[in-house]
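Hi everyone, thanks for coming. Please take a moment to look at the structure with me, and then we'll walk through it together.

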Amino acid sequence: MDIHRSFSKGILSVFYTIIILAAFSGCTAHKNTDIQNNLNLKALSTGQTANFAQGNDYGYYETANPKRLVAGFNVLYTDYSTKNKVVLCSSASCEHAGTSCTGYIQGTPLRIFTLKDKIIIFSLMQENGEYFKNIISADLNGENHKILYTMNQNESEGGEYFCDNENIYFVITKPVTKDKDLLSQQFLIKLNIYTGEIKEILNLSEKFNNYYVNVIGSYNDELIVKIISTKMIIESIKIDGTSGTLAKVELSFDNSNVTYHNQYAYFVNYDNRCFVRKNIETGEEKTLNWHSEENFNIIDSSFGNVIDEKILFSVAEISNDNGISTRKDKLYYIDFDENKMTEIALRYTYDGMSKPVVIVAQTSDSLLVMNGIEDVVHAYPENDKGIISDIVPTPQYGILSKNDFWQSNPNYYNISYTV
């Protein structure tokens, strides 16, 4: 997306344009209920704030909990063409506080994703003292809310989410009775976003000897899983539940970590202070040594997104002056093709602390970043406690080109927020 180009304004026109063009930055394909030879499995999350926000080439969806709402939350939409953020509702007179509003969802927000022409929302509900989760679909303009699946309070979901043409894949943990014993077991789930059909593909606990399993990546039509035993074991499974074709990898908990993107596995070795990129197809490896004196350990550092084959890496610089410890978070990108690692100097300051900007979404050539935090006064609904308002730290966003990001040029197009 060219951020300088003028798009047609208004969420409804954007919605219909997206349907006609079917051009998304997420999982895109023609609708087909049959399993294809190439499902093009991809991660649903593309930003660092993976759970509560998700974007496509036209805009960015996120959730918000204004104090005025008692039992629900709003879905917000940032239009990249107008640089404006609004509640996902076309009615100018709407108060966005009830189920008649397309930008209002009951419950507490957990996750939001975009997939083709749908928004997928996970909401935590409470009724008669019991908690449960609803997985809800809606059109990109917020209309046609539909509950796809309800998880009871004994079921939990988490980890990474992946998608093909019209399904999302994730892990659910739930109690299972085996030989009169009540066990907590993990299952790989497939949920169709159009029909709501849900299928247990595989009992992960039975396959991997009751070790904890997390899906961490995808390659072609296989999901890459991390098994936590006495070591960290990485292998792949096919979406029909059978074993995958990728070679098994074993890592130590104390000195290593791994993430996957496209045909590459990215490793960090804390003992040897280096990064390794391995091509899954060819076996080719490249190594880059860590060049700085910052605390290089698994506690104070972590992998981030892979963008344009550059991997982001966060690390904390810890200093101690007369017994007072000071932490400075830094963000680097590692470019194996250019054999270099470079600090991203784009930062913001809040409450006296300087932090790196946070990537929240991306398009083909631009990034949406959190480049500030502003204290905003939120009004409470009428109550008998006399509390009428509160100050809420609220993220501020800006759009900039990827080239400006890599060069640390703060050429932001800041986003305005209209309630």
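Let's begin with a term: a residue counts as buried when its relative accessible area is under 20%. Please keep in mind that this is a predicted model.

Now find strand β3, residues 59-64. Which way do its residues point? Gly-59, Tyr-61 and Thr-63 point one way from β3, while Tyr-60, Glu-62 and Ala-64 point the other way.

Who is the neighbor? β3 pairs with strand β4, residues 72-79, in the antiparallel sense, over six bridges. If you want one to look for, Thr-63 has Val-75 of β4 as its bridge partner.

Let's zoom out. The protein has three helices and 33 strands. Of its 419 residues, 50% count as buried. It exposes about 20,500 Å², and carbon and sulfur atoms supply 46% of that.

Last stop, the inside. In soluble globular proteins, nonpolar side chains tend to be buried together. Here, the largest nonpolar core has 19 residues, and Leu-44, Ile-120 and Phe-170 are among those with the most contacts inside it. Strands including β7, β8 and β10 each supply at least two residues of this core, but β12 gives the most, with four.

Finally, what does Phe-170 touch? Leaving out residues up to four places away in sequence, its contacts include Ile-135, Tyr-161, Phe-187 and Leu-191.

Key. Residues are numbered from 1 along each chain as its sequence is written. This is a predicted model: local features need pLDDT of at least 70, side-chain atom pairs count only at pLDDT 80 or more; totals for chains, interfaces and linings use all residues. Side-chain values use heavy atoms; hydrogens and water are left out. Buried means under 20% relative accessible area, exposed over 50%, partly exposed in between (1.4 Å probe, protein chains only). Two strands pair if DSSP finds at least two bridges between them. Accessible areas come from the Shrake-Rupley method with a 1.4 Å probe; for residues, only the protein chains shown count as cover. A nonpolar core is a set of buried Ala, Val, Leu, Ile, Met, Phe, Trp, Tyr and Cys residues joined through side-chain atoms within 4.5 Å. Contact means heavy atoms within 4.5 Å.
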